[in-house]
Amino acid sequence: MPPTPNPIILVLGTAIFILLLFLPPLLELKKPKDAGPRMISDYSFSASFPIVNLEEKHGFDQALAKKIVDAISVLPNLEV
Amino acid sequence: MIAEILEAVFILLTVLMIAYLGRHYIFTLTVLKNSRKREKFVTKEKLALAYQPSVTILIPARDEERVIGRILQRITELTYPKDKMQIIVIDDASADNTGKIAEEYSKLHNYIQIIHRSKEEGGKGKAAALNAGVMHANGEIIFCFDADYYPQKDILEKLTKEFVDPKVGAVQGRVIVLNEPQNMVTRLVALERIGGYRVDQKARDNLGLITQFGGTVGGFRHSLIECLGGWNESILAEDTDLTFRVYLAGYRISYVYDAECYEEAVENWHAYWKQRYRWAKGHMQCAFKHLFKVLKSNNLTLKEKIDGLLLLNVYFMPILVLLSYIVGVPLLFAYHPQWVSICWAFIPISLYSFVGNFAPFFEVGIGAYLDGRTRAQWLIPLLIFTFLYNIAICTKALTDLIMSKIIGKNGNNWAKTLHSGNGNIYITN
């Protein structure tokens, strides 16, 4: 049977444990160094990845270009 | 005899704890593992960008004069084609200038329309307001944003591309706390959000489990909403209810973690109680409503059913933690095996608490790490207090729910979260 620990040591150990546990949050609240909150990035998808203008590049008429885009857009997601 | 019964109850509670313990660790490890993979912008993403359906954004607003202007201004700055957008603000019997402010934007932008609900019609909760709005919606995809939110400019592109997959019935974006630096409450709420959105939701999406629609920063196919009959006005957590109805109908919800939107978190413990009480009670209502449907559904895989059960019952867990202490501690002291000295009982109880109950805190820690917010991790020990607070909240919610069932009263009082607009000072762009 394990020996019964000294109650004073038990209380002291518990107190030290609690102090160590809550020391980091106390330091952070006293002198915040966290950079947060996370900044929302505002880049535009369409600006980064422009869709080719078929009318300009190949002389296609707009109606045909629209049909091609519409056809592509309804394809199912084939990636597993 | 009593000892045997208590032991059996304690073992059952421990098994449930271990189930949630495993769930949280699996989620944390999944996100950590996937974070090391470079996410490629593949051809399907480029093709999906060509898909730009007409969208309707519903903004239910009640007494939101301090924030409604901010979101409407932001909506006008979104990069989505304006000729494919319809914005509907549902002024839900506001007593302040919410309606007037919204009307000013409506006059300047023809794609913004306002629905004013009278005192008799309005004030019946968010679900009722959304149902009123959806009747006027003509977009193929319907999005919901709360009035205190502030989205990315290209959030609609990121969310709508998911609907290229016909199995996707709904989408959910990420919520980030805008007024995080304000006080301790907002900082702790922000930590909870990091754990929930950066890790928990992401892991569930990666693993093909039940991704939850959070009530805002999300969208549905218009046809699906009509098929499901709109939002359920008798449940406080209408978002959780809709989540399970989407999955039970054979669709899934896609989580887009880089579709980000700011929110204003509650700023004091009283507001925290009211908000979480509503979430807990509503979630429990969903648990009672959907539990057997999830078990019996032919549209859910086995892992979706298991995760669905754990998700439905998550707000009962703080109560079970309380029960486990009520049962376990007397059990240990009154009926402990001979080899355990009473003074050493502290060690197994502490180990159980740290490894079991604090597993969700690992999600928070890893979420903060992945966001590059290692200093925010220093606040994690304070989440012990929010956890204890949530035990009281969930216990009250369950008690009230049971009492309302017994006395036959609905008891669905929608306690609205008041927004101060203090988040405005943190917007730098």
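**Close-up views of chain B**

**View 1. Helices H1 and H7 of chain B cross each other.** In this predicted model, helix H1 (residues 2-35) of chain B packs against helix H7 (residues 184-206) of chain B at an angle of about 75 degrees, and their axes are 8 Å apart. Axes here are lines fitted to C-alpha atoms, for helices over the stretch in contact, with angles running from 0 to 180 degrees between N-to-C directions. H1(B) is therefore roughly perpendicular to H7(B), a label given to angles of 65 to 115 degrees. On the H1(B) side the contact is made by Phe27(B), Thr28(B), Thr30(B), Val31(B) and Asn34(B), and on the H7(B) side by Val199(B), Asp200(B), Lys202(B), Ala203(B) and Asn206(B); two residues are in contact if their C-beta atoms, placed from the backbone, lie within 7 Å. Sorted by class, this contact of H1(B) with H7(B) has 4 nonpolar, 4 polar and 2 charged residues (Ala, Val, Leu, Ile, Met, Phe, Trp, Tyr, Cys and Pro count as nonpolar, Asp, Glu, Lys and Arg as charged, and the others, Gly among them, as polar).

Residues are numbered from 1 along each chain as its sequence is written, while chains are lettered from A and ligands numbered from 1 in the order in which they are written. Because the model is predicted, local features need pLDDT of at least 70 and side-chain atom pairs count only at pLDDT 80 or more, whereas totals for chains, interfaces and linings use all residues.

**View 2. Helix H1 of chain B has several buried residues.** H1(B) has 34 residues and reaches 49 Å from its first C-alpha to its last, close to the 50 Å expected at 1.5 Å a residue, where the expected span is 1.5 Å times one less than the number of residues. Arg23(B), His24(B), Phe27(B), Thr28(B) and Val31(B) are buried in H1(B); a residue is buried if 20 or more other C-beta atoms lie within 10 Å of its own, exposed if 12 or fewer, and partly exposed in between, with C-beta atoms placed from the backbone.

**View 3. An open sheet of 8 strands has mixed pairing.** In chain B the strand order is E3-E2-E1-E4-E7-E6-E8-E5, and the edge strands, each pairing on one side only, are E3 (112-117) and E5 (150-151). Two strands pair if DSSP finds at least two bridges between them, and helices (H or I, at least four residues) and strands (E, at least two) are DSSP runs numbered from the N terminus. E5(B) is joined by 2 bridges to the antiparallel strand E8 (residues 252-263) of chain B, where Pro151(B) has Cys261(B) as its bridge partner. Strand E4 (residues 141-144) of chain B runs antiparallel to strand E7 (residues 218-221) of chain B, with 4 bridges between them, and Cys144(B) stands opposite Gly218(B).

**View 4. Helix H3 of chain B packs against strands and a helix.** Ile68(B), Arg70(B), Ile71(B), Leu72(B) and Ile75(B) are buried in H3(B), and the buried residues of this helix pack against E1, E2, H4, E3 and E5 of chain B.

Technical notes. Parallel < 35°, antiparallel > 145°, perpendicular 65-115°, else oblique.
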